[in-house]
Amino acid sequence: KMEALVFILSLVDCCWILPELVAVGLVTVLMFVSMHWFIFLLNLPISGWNLYRYLAVPCGNVGVFDPTEIHNRGQLKTHMKEAMIKLGFHLLCFFIYLYSMILALIND
């Protein structure tokens, strides 16, 4: 059972947060500039959370999580929960962006 959880939670996905920080931060800034307030407010908490996680990286760690300690059973459940919450958020954003694009195409 432990091996299945390790395959789902990739070490690379857990350790590096900079690409997600840049992507979500860029979308947040673009939504602010284009005055899409609902989507801006939707992205603001996850941008803040990513910035907090990036700034809270302990000295000496490669990324957000220490790859040697991520396999501890207690930490693995916590990291899985965070990964599933982020997956749900990105899935919700995908459908909101898709709906907004279709609505913009229909109105033109």
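What follows is a short chat about salt bridges, a helix, a loop and a surface patch.

Me: What kind of model is this?
Reply: This is a predicted model.

Me: OK, salt bridges. How many does a search of the whole structure find?
Reply: The search finds three.

Me: Which residue forms a salt bridge with Lys86, with the closest N and O atoms 3.3 Å apart?
Reply: That partner is Glu20. The pair links distant parts of the chain. Lys86 is in helix 5, and Glu20 is in helix 3, which covers residues 18-33. They are 66 residues apart.

Me: Are Lys86 and Glu20 buried or exposed?
Reply: Both are buried.

Me: What does the side chain of Arg53 meet in a salt bridge?
Reply: Arg53 meets the side chain of Glu82, at 3.9 Å from N to O. This pair also links distant parts of the chain. Glu82 sits in helix 5 and Arg53 in helix 4, residues 37-55. The separation is 29 residues. Glu82 and Arg53 are both buried.

Me: And which residue does Glu82 bridge to with closest N and O atoms 3.8 Å apart?
Reply: That one is Lys86.

Me: How far apart are Glu82 and Lys86 along helix 5?
Reply: Glu82 and Lys86 are four residues apart in helix 5, so about one helical turn separates them. An α-helix has 3.6 residues a turn, so residues three or four places apart point the same way.

Me: Which residues are linked in the network of salt bridges?
Reply: Glu20, Arg53, Glu82 and Lys86.

Me: Which residues of helix 3 are buried?
Reply: Glu20, Leu21, Val24, Thr28 and Met31. They cover an arc of only 110 degrees around the axis, so they lie on the same side of helix 3.

Me: What about the other side of helix 3?
Reply: There, Pro19, Val22, Leu26 and Val33 are exposed.

Me: Is Ser47 buried or exposed?
Reply: Ser47 is buried, because its relative accessible area is 13% and the cut-off for buried is under 20%.

Me: Where is Met35?
Reply: Met35 is in the loop between helix 3 and helix 4.

Me: What is its phi?
Reply: Phi of Met35 is near 60 degrees. That is a positive value in a residue other than glycine.

Me: Is Met35 buried or exposed?
Reply: Met35 is exposed, because its relative accessible area is 56% and exposed means over 50%.

Me: Last topic, the surface. Which residues make the nonpolar patch?
Reply: Leu91, Phe94, Phe95, Leu98, Met101, Ile102, Leu105 and Ile106 make it. The patch is about 820 Å².

Me: Which helix holds Phe94?
Reply: Phe94 lies in helix 5, residues 73-107.

Me: Why does Phe94 count as partly exposed?
Reply: Its relative accessibility is 48%.

Note on methods:
Residues numbered from 1 in each chain as written. Predicted model: local features only at pLDDT ≥ 70, side-chain atom pairs only at ≥ 80, totals over all residues. Heavy atoms only, no water. Patch = residues over 30% accessible without salt bridge, like charges linked within 9 Å, V, L, I, M, F, W, Y side chains within 5 Å. Areas by Shrake-Rupley, 256 points an atom, 1.4 Å probe, with all protein chains shown as cover. Salt bridge = Lys/Arg side-chain N within 4 Å of Asp/Glu carboxyl O. Helix = DSSP H or I, 4+ residues; strand = E, 2+ residues; numbered from the N terminus. Buried < 20%, exposed > 50% of the residue type's maximum accessible area, 1.4 Å probe, protein only. Arc of directions from axis to C-beta.
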